[in-house]
Every structure is written in structure tokens, then in C-alpha cells.
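Have the sequence and the 3D view ready, and try each task before you read its solution.

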Amino acid sequence: MSELLLIDVLNNPNRLLNIDDKLSYKIITEARHLSLLGQLKASCDRAHIEQDLPLHTQQQLQSGFHSYQKQQQQLLLEHQYLSEQLHGVINSWRYLRGSALQLLDNNMFAGRIKNNIDIYVPQQHVANVEKELLNNGWRYKNIADYEETFYRRWAQQTTPLIHKQRRTELAIHFQLLPKTLSNKLNSAPLLHHHLSPSICEPATLLSPDAMVLHQAIMLFNQIDYHYGLRDIYNLYLQFVYFSQHPTFWHHLIQLHQQLGNDNSLYLAVSLCQRLFNLSVPETALAYFRQHKLDRFSYWLYRQHFINAFRHQFPLHHNISYRDSVKSLRFRGRLKQMPIYCIVPHIIKRLIINSIPHDDEEVIY
């Protein structure tokens, strides 16, 4: 019998009821390591089993959910500050990724921990927005000069900002998709429609189809998969929740056609089917299959993604996991920058990260 993993419990929370304390501790530790403890608690709530769990397990789950509640309260506070500081500078902005899911304030996404606040600002307004924030208690994150170039040229965002007192981190994106995809995909349709929860006025969120497609493209074009299980799980939850609306799959396919030819959505759907048994209408599946990779590439990368998503905890860092992560990291670099830039980037990254400095993060 294979060892129980966190992904197995996310699929079926009832499995927590029939394991010993040692295995329960391992699952809880893995969930905390991957910032999934709050969502594991929410999953147990939806299965109506939390009160049947051992007291120490309930306490650990509650501690993770409490961190989510504190983060959500802080996000609302930061939104108030941003609304005051950006009044007269810009009419609106879009919250992205984990920030958007927290602002949806829906039980399906309860417990979702975010790394920072992600917002989209049109490029023509970025300079004025940065200037206003820098005059109101924000500063640039301490990073190397080369990383500054990397962020703006390839990551399509400004250098992350940190508030001097509150220590909140803010990422300002001026493009929604990686620069290397700009000639292949048209990102403009992602902004054609939006959600306007009163809780985040005057800001908005991407529409459900745009939110799903944007996250799929970003997930399968990134370099680091440390939070890969969290990201694919949240993508699965979005499929489940948004597909309750009868026109969701139709709008998603229409938006995908408007953006251009990309296989990220097919990877997202097929992997959510494989890992979480996602139900997808046959008509939608037939469309997505038209955009799959060639047979060998699909087989190769599909298994690498499965390895990375299932075996992230340090205890599971086996040879297959390490090989998959290395392969996906190289694939991510190919996706995010031209091939002629990769070797110089790797050399500079190794040099920068090997020299002691005061930077607040390393680059990939």
C-alpha cells in the first residue's frame, strides 16, 4: 500500500479519520510547509468531519486557518490604504492570484494563503503609482541590480515593494503574461470583463474565465514549483466553483480562442482530471485536446508535473522529484526568456546567490 500523501487527503479528507498520530503529524506538517493548512481545514469543514478529528489535529488545522483570517483582514486594511493613496492617481486596478481569491470571500477558497499582494496596473500608470506609494511608506525590496532588470524585463512587474512599518509586500504587474508570450498570445481579452465585489471597490478582479486562464498560463510558464501543489489545487477549486455557472466552459473556450494558441489550459484540465478527478464536459475536452503537446512532450512533462505536485515535501524529495523539478525549472526558463539569455542568466544567478549580501530573496 502506497504511503498517504497530502494530495490524497485533499482529495478525500475522510482519510484523516483513519490514520495514526505519526502519519497525521506528517500530513499536518506537509500542509503547513506548503501553505495549505488553512485550506485543509476548510476541506475538512466541507466534508463535515472536523469535529470528529483528534483534538490536536483540530488545533493545528485551526491555527492554519487563523493565519488565513489574519492575512485576509490585513489585505482589507491594505486595500483601504491603497484606495486612499491612489485616489486621483488611477481610477482602478485589478487584484490577481491569491489576493483575488481572498477578496472573493467564498467558502470554496477559504484558507488560501498568499505570498504577497498582486495587482495589475496599466503600464502608462505604473510610474505615477510607484511614486505615490514610495511617498507613503513603501520602499523597494532589497534585491541586486541584476534582479531589478530581471523583474522589469522578463517578469513584467516592478521590483516588489515592502511597507516600512507593516512589512506587507506588494507586486505591481504591468503585463499579465510573460514577455516571451507577447508575440504568441494577445493578453488584452483577459481584461475585457471583470468582477466588482463591493469589498474591493474601486479595484476589480478578473472575470472567472480570465482568472482561470491567467492562472493556468502562469502556472505552466513559471520556474519555481515550491508551491505547485497549492497552485494546482486552487486551480482545481476554481474549475469546480466557476463551472457551476452553465456558461463557464463556453466563455473559457471563447477567451482561449481570443488569446491564441497555448497548451497551458489543456495541461491544467488534464492534470486536474488526473490528480483530483475533475469533471469536464466532453465538448470542452474535445476542444482542449486540440491544443495538447505532441505525444512525447506531453508524456514527458505530464509525468514531471505529477511528480512535482505530488511529492513536494522534503521527505518526498526522491530522485524522481529532483529530476522533475530540474526539468521543469529549465522548461520555465525557456518559457520566460529567449534561449540566448538563459546561460548568462544562470551564471549571473549563481554568482549573485553565492555572494553574501543583504538581499531579501534569491532569484531563479
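**Exercise 1: a hairpin**

Find the residue with a positive phi in the hairpin of β4 and β5.

*Solution.* Keep in mind that this is a predicted model. Begin at the hairpin of β4 and β5, where five residues lie between the strands. In this hairpin, Arg-167 takes a positive phi near 65 degrees.

**Exercise 2: the neighbours of β5**

Work out which strands are joined to β5 and how they run.

*Solution.* Start with β4 (residues 161-163): two bridges join it to β5, and the pair runs antiparallel. Here Leu-161 stands opposite Leu-170. Next take β2 (residues 117-120), which is joined to β5 by four bridges and runs parallel to it. In this pairing, Ile-117 stands opposite Leu-170.

**Exercise 3: two faces**

Decide for each face of β5: buried or exposed?

*Solution.* In a regular strand, side chains alternate between the two faces of the sheet. One side of β5 holds Glu-169, Ala-171 and His-173, and the other holds Leu-170 and Ile-172.

**Exercise 4: two helices**

Describe how α5 (residues 97-104) packs against α8 (residues 208-219).

*Solution.* First, the angle is about 150 degrees, and the axes are 11 Å apart. Angles over 145 degrees count as roughly antiparallel, so α5 is roughly antiparallel to α8. Finally, list the contact: Arg-97, Ala-100, Leu-101 and Leu-104 come from α5, while Met-211, His-214 and Met-218 come from α8. By class, that gives five nonpolar, one polar and one charged residues.

Note on methods. Residues are numbered from 1 along each chain as its sequence is written. This is a predicted model: local features need pLDDT of at least 70, side-chain atom pairs count only at pLDDT 80 or more; totals for chains, interfaces and linings use all residues. Side-chain values use heavy atoms; hydrogens and water are left out. Buried means under 20% relative accessible area, exposed over 50%, partly exposed in between (1.4 Å probe, protein chains only). Two strands pair if DSSP finds at least two bridges between them. Axes are lines fitted to C-alpha atoms, for helices over the stretch in contact, and angles run from 0 to 180 degrees between N-to-C directions. Angles under 35 degrees count as roughly parallel, over 145 as roughly antiparallel, 65 to 115 as roughly perpendicular and the rest as oblique. Contact means heavy atoms within 4.5 Å. Ala, Val, Leu, Ile, Met, Phe, Trp, Tyr, Cys and Pro count as nonpolar, Asp, Glu, Lys and Arg as charged, and the others, Gly among them, as polar.
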